[in-house]
Amino acid sequence: MGKKKTQSVVAIQNKRPSSLFAISSESVQSDRYWRWGDDNMMPYALSLMSRRSTTHRRIINDKADYIAGKGFSFNDEEPLLRELVGRANGAGDSLREVVCRLAFDKALMGNAFLEVVTDEEHSFLSLYHQDASRCRLARDNEHVILHHNWQSFREEEASTLPLYPRFEKQADGSLRSVVHYKEYEPMFSHYGVPKYIAGMGVSAIAYKTDCWNISRLDNSFQLSGIMMLDAATDSEQEADEIVRQAERHFAGNPGQVMFVIREAGEQDNSRFIPVGSNNEGDWSKLHDQATSDIVIAHSWFRSLSGLDYSAGFSAERILHEYEVALNTVILAEQEELLAPVKQCIREILAVDASSLEIVNRPPTRSKPIYMKVWEARKADGLEYDEEDERQQLYLSEITKYNVTKIN
């Protein structure tokens, strides 16, 4: 695996050059881009929301991990393929790390961007993840504009790359292109929309119910109420001083307290009138309902989000929901992410990448790994042969994890 000394770019060399991509030196004006959201700050808003809602963030993290899998299986007779899986770019990222970041961006923002780097001879291939929040589509619909901070955009600090399959020659001599992944949504032609779009409101509810609990904790769970003070005041300044004295002597750090000052009588009738709240149950139900709706909006499953562990750990339910998630969500997302990668490997490195697949492992096992294959088949009610050499293997032997060589 040789290295090209330009911008610490890739290291997967190819000795079979081809000329499949048109080279263009055209560029686009960086102020001509499609806004992502009404104020162009949609990625920032989505990212902020994911940092505030615990369940929402957990689901995004878990979906990215499941989609990235446990590594890759491939034909070990292709050394270029093995090197790309182990080191996808000059930054030292493995292919799984790149795919995991793409899956995270796509789950969070409905969009993901993969930078593909090669040269005119197609002697190497590098794959870089580009932070989706840094990317905007140019109005020519053929370029991606990258900037480190769109809140203070400066054209001279931005860079422009073509959309795949177009490649353009850069100042360092490399050819670069960007693959744009996006979730389809009617009426949105430039950017994708995250699958949980209908759950943004309930994510905000879950965040606000958490804030309510934090506020109660900060106030030491003391009741809110009205402080009635008997005091004669001659001016507004004197009334404010009475309030401040009452805060120091009576309020401490309770909940919300409203002070009412009235004309003093013969007796001092100052007192605190608590305002009772019997809606704790309503708030708890609201939070639970919001949590359930978040899971539904993500097209995900409760047991895969760690939501039902408090009620007991059910390995069978986890395995069942994992199988459903695998066949309805995970495999489809993996195919979408890997399709352009395989195409680039095939066209740039001239290597058959059809054997490249993501290895999926369930989060738990229903059978101990020290069981033999025939014992496991017997437990499942399947045909088994105690004399068959293949069925004499332990489950631990046939499920052994090997990220670089799984045939």
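Colleague: In which hand of crossing, left-handed or right-handed, does H4 pass H8?

Modeller: This is a predicted model, and the helices concerned are H4 (95–109) and H8 (315–348). The two pack at an angle of about 115°, with their axes 11 Å apart. Where H4 passes H8, the crossing is right-handed.

Colleague: Which residues of H4 and H8 make the contact?

Modeller: On the H8 side, the contact is made by Glu333, Glu336 and Leu337. Those of H4 that take part are Val99, Leu102, Ala103 and Lys106.

Colleague: Which element supplies the largest share of the largest nonpolar core?

Modeller: The largest nonpolar core has 35 residues, and those touching the most other members are Phe72, Leu125, Leu127 and Ile345. Several elements each supply at least two residues of this core, among them helix H2 (54–68), helix H3 (79–86), strand S3 (111–118) and strand S9 (175–182). In general, nonpolar side chains of soluble globular proteins tend to be buried together. The largest share here, six residues, comes from H8.

Colleague: How many residues does the second, separate core have?

Modeller: Among the members of this second core are Leu46, Met49, Leu146 and Leu163.

Colleague: Within what arc do the buried residues of H1 fall, seen down its axis?

Modeller: Helix H1 spans residues 42–52, and its buried residues are Pro43, Leu46, Ser47, Met49 and Ser50. Seen down the axis of H1, these residues line one face of the helix, because they fall within an arc of 160°.

Colleague: Why is strand S4 described as largely enclosed by the rest of the structure?

Modeller: S4 covers residues 126–130. S3 and S4 pair in the antiparallel sense over five bridges, and Leu114 stands opposite His129 in S4. The strand is largely enclosed because the number of its five residues that are buried is four.

Colleague: Is Thr54 buried or exposed?

Modeller: Thr54 is found in helix H2. The cut-off for the exposed class is over 50% relative accessible area. At 55% relative accessibility, Thr54 therefore counts as exposed.

Colleague: Is Gln391 buried or exposed?

Modeller: Gln391 lies in the loop between helix H9 (373–379) and helix H10 (395–398). Leaving aside residues up to four places away in sequence, Gln391 touches Lys372, Val373, Trp374, Arg377, Tyr384 and Asp385. The C-alpha atoms of Gln391 and Trp374 are separated by 5.0 Å, and the two residues are 17 apart along the chain. With a relative accessibility of 12%, Gln391 counts as buried.

Colleague: What percentage of the residues of the chain count as buried?

Modeller: The secondary structure of the chain comes to 10 helices and 13 strands. Of contacts between residues at least 6 apart in sequence, 68% join residues at least 24 apart. Of the 407 residues of the chain, the share that counts as buried is 42%.

Key
Residues are numbered from 1 along each chain as its sequence is written. This is a predicted model: local features need pLDDT of at least 70, side-chain atom pairs count only at pLDDT 80 or more; totals for chains, interfaces and linings use all residues. Side-chain values use heavy atoms; hydrogens and water are left out. A nonpolar core is a set of buried Ala, Val, Leu, Ile, Met, Phe, Trp, Tyr and Cys residues joined through side-chain atoms within 4.5 Å. Buried means under 20% relative accessible area, exposed over 50%, partly exposed in between (1.4 Å probe, protein chains only). Two strands pair if DSSP finds at least two bridges between them. The arc is that of the directions from the helix axis to the C-beta atoms. Axes are lines fitted to C-alpha atoms, for helices over the stretch in contact, and angles run from 0 to 180 degrees between N-to-C directions. A crossing is left-handed if the near helix is turned anticlockwise from the far one by less than a right angle, and right-handed if clockwise. Contact means heavy atoms within 4.5 Å.
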